Amino acid sequence: MPIPLRPFGAAGFELPVLGLGAMDTPHSPEAEATVRAALDAGIRFIDTARDYEGSEYLLGSVLRERPAAEVFLASKTFRRTAASAQYEIDRSRQVLGRETIDLYQLHDVSTPEAWAQVMAPGGALEGLRDAVDRGAIRFIGISTHSLEVARLAIASGAFAAIMLEYSAFYPESLPVLELAADRGVAVIVMRPLGGSGRTSAIRGRMARGEAGPLTPANLLRYVLTCPAVSVVIPGARYPDRIRANVAAVEAFVPMSPAEMRELERAAAALYD
């Protein structure tokens, strides 16, 4: 069974619901094999950023081997002015080997001050809009760790996609995800397996037979049970992690509310 497809907001096309977050992939002895495994498995959404050390270079190297690969590439910039954001976009295009990057995101806009800066005249959003006009990028997105900023971004109508944290460890994002979907904004979920070392702790528990319902497969099920989610981007450093994630998503069955609450309780008790 192939990876299920979902609409990418109101953009008018669908993508496989499982993507790859490539922040840590370059720091693996099997980095190139991991990206190839993702492509072979049908993953088409890959997320990177200018400030992810070695990530754009890795992706550019592998994708140059496969010029026909149908990959929706997303990158991000921390820069807050129009000129510096456009410079970053052009560097991304060179390193990734792409004339046009599918999605470019304002990275970690998580304070009111950062929001005001990117939205001001001469701010980074202006640079991204200019990049759309000249064909350097297709869509504009934003990533944030602030639900307050997320609501502002959705209400602004300026963004085709928003990247937020959402998981059994962080269920508070759900109303904002649903708001985004209602407004036609694609929802990209980062850290679906918890991040911050939680995945390693879970795998250790699994190895000792102590995991209970708290497994990577169930954490992916939890996130994908929300129909507002367009694509989920767990990180991966090894091909076997790619294959495990793909198997979990291909077998996806939505969780019941009772199962979701049970997983949230298990997540809250991980370090107890």
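A nonpolar core is here a set of buried Ala, Val, Leu, Ile, Met, Phe, Trp, Tyr and Cys residues joined through side-chain atoms within 4.5 Å; buried denotes under 20% relative accessible area, exposed over 50%, and partly exposed the range in between (1.4 Å probe, protein chains only). The model is predicted: local features require pLDDT of at least 70 and side-chain atom pairs count only at pLDDT 80 or more, whereas totals for chains, interfaces and linings use all residues. Residues are numbered from 1 along each chain as its sequence is written, and side-chain values use heavy atoms, with hydrogens and water left out.

Residues up to four places away in sequence being excluded, I162 touches I142, T144, A150, A153, I154, A180, V185, A186, V187 and I188 (contact: heavy atoms within 4.5 Å).

The largest pocket has a volume of about 850 Å³. A pocket is an open set of points on a 1 Å grid over the protein atoms alone, where a 1.4 Å probe fits, with protein on both sides within 12 Å along at least five of seven lines; lining residues have an atom within 4 Å of a point. The lining holds 31 residues, of which M23, D24, G195, P234 and G235 are the closest to the pocket centre. Two or more lining residues are given by each of α8 and α10 (239-250), and the largest share, four residues, comes from α8. By class, the lining divides into 11 nonpolar, 11 polar and nine charged residues.

Helix α9 is mostly covered, with eight of its nine residues buried: P216, N218, L219, L220, R221, Y222, V223 and L224. These buried residues pack against β1 (5-7), β9 (186-190), α8, β10 (231-232), α10 and α11 (257-268). Helices (H or I, at least four residues) and strands (E, at least two) are DSSP runs numbered from the N terminus.

R208 is placed in the loop between α8 (198-207) and α9 (216-224), and counts as exposed because its relative accessibility is 52%. From A244, R208 is 36 residues apart in sequence and 19 Å apart in space, C-alpha to C-alpha.

An unreviewed UniProt entry carries the annotation "domain: NADP-dependent oxidoreductase" for residues 18-266. This span is 46% helix and 14% strand, and its end C-alpha atoms lie 24 Å apart.

Conventions. Grid points are joined across faces, edges and corners, and a volume is the space filled by probe spheres set on the points. Ala, Val, Leu, Ile, Met, Phe, Trp, Tyr, Cys and Pro count as nonpolar, Asp, Glu, Lys and Arg as charged, and the others, Gly among them, as polar. UniProt positions are given in the numbering used here, feature names are shortened, and annotations may be inferred rather than shown by experiment.
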